[in-house]
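We'll start with a pair of helices and then move on to a strand and its neighbours.

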Amino acid sequence: MHTLQSKKTNDFNEIVNGRRSIKQYDPDVKISREEMTEILEQASTAPSSINMQPWRFVVIDSAEGKEKLAPLASFNLEKVMSASAVIAVFGDLNNIEYAEEIYGKAVELGYMPEEVKEFQVGYFKPLYEGMSREQMKDIVMLDSGLVSMQLMLVARAFGYDTNPIGGYDKEKIAETFGLDKERHVPVMLLTIGKAANEGFQSYRLPVETTTTWS
Ligand SMILES: Cc1cc2nc3c(=O)[nH]c(=O)nc-3n(C[C@H](O)[C@H](O)[C@H](O)COP(=O)(O)O)c2cc1C
């Protein structure tokens with residue numbers, strides 16, 4: 001089979017314009033947990049609402065993990081099986097629990113004066129705590145979508161390709177991987193690995209269709 005595998009690159013144009021959703025991967029390629037950690041760290045520089053970083057990842061990179069995922073993968077089964085890993089992205093509805101850690105660290109590291117932290121946390125903590133589940137879900141889905149996009153691009157910089165996947169059993173995914181489903185809402189699966197083919201080009205609507213000017 002002809003293989004066109006992404007190379008490690010810092011060429012932003014190549015990273016963005018060369019991205020395709022890849023459905024088949026070289027099954028022999030493993031991504032070390034060290035390298036995956038680096039990918040996740042870089043992806044996590046994504047912006048998020050009040051910097052709460054509500055994304056949570058389950059990296060499914062073992063045969064046992066894949067076995068657990070298989071019955072939930074629906075029509076995407078083959079895609080998840082050949083990937084080096086599948087990253088299940090969740091949004092944490094209780095993300096505000098990390099406010100003290102995030103803003104406390106920012107003070108400790110000299111990124112923010114203590115008074116600013118006290119003011120900001122004092123303002124948004126009660127706001128977040130008073131939100132409905134639906135309101136919080138909107139926020140975590142948005143933030144986790146941003147980190148997912150960034151992850152797909154970072155993966156390409158590391159020489160890997162990805163496919164975002166929405167077609168899976170969202171009712172069962174959290175519990176299957178030991179997460180509290182009341183707290184963790186499923187966002188998407190991301191397959192990642194060395195592409196076994198080039199994927200397909202896809203059409204984009206012209207900007208004039210998607211945009212109005214005012
Ligand atoms: C939220 C989301 C869910 C998706 N779900 C699936 C899926 O279940 N199976 C699949 O093969 N591709 C899935 N895709 C990939 C899209 O089909 C793909 O991104 C789109 O056709 C554009 O192609 P490109 O990614 O190669 O540019 C999904 C993409 C997104 C953003």
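When two axes cross, angles under 35 degrees count as roughly parallel, over 145 as roughly antiparallel, 65 to 115 as roughly perpendicular and the rest as oblique. Helix α2 (residues 33–43) and helix α7 (residues 133–157) have axes that come within 8 Å and cross at roughly 130°, so α2 and α7 are oblique to each other. Their contact (heavy atoms within 4.5 Å) involves Ile39, Leu40, Gln42 and Ala43 of α2, together with Val147, Gln150, Leu151 and Val154 of α7.

A word on the ground rules: this is a predicted model, where local features need pLDDT of at least 70 and side-chain atom pairs count only at pLDDT 80 or more, while totals for chains, interfaces and linings use all residues. Numbering starts from 1 along each chain as its sequence is written, and side-chain values use heavy atoms, leaving out hydrogens and water.

Helices (H or I, at least four residues) and strands (E, at least two) are DSSP runs, numbered from the N terminus. Now for strand β2 (residues 85–92): eight of its eight residues are buried, so β2 is largely enclosed by the rest of the structure. Buried here means under 20% relative accessible area, with a 1.4 Å probe and protein chains only. Ala85, Ile87, Val89 and Gly91 cover one side, and Val86, Ala88, Phe90 and Asp92 the other.

Which strands pair with β2 (pairing takes at least two DSSP bridges)?

| Partner of β2 | Sense | Bridges |
|---|---|---|
| β1 (residues 55–60) | antiparallel | six |
| β4 (residues 184–193) | antiparallel | eight |

Within these pairings, Ile60 sits opposite Val86 of β2, and Phe90 has Pro186 in β4 as its bridge partner.

Note on methods. Buried < 20%, exposed > 50% of the residue type's maximum accessible area, 1.4 Å probe, protein only. Pairing = 2+ DSSP bridges. Axes fitted to C-alpha atoms, helices over the stretch in contact; angles between N-to-C directions.
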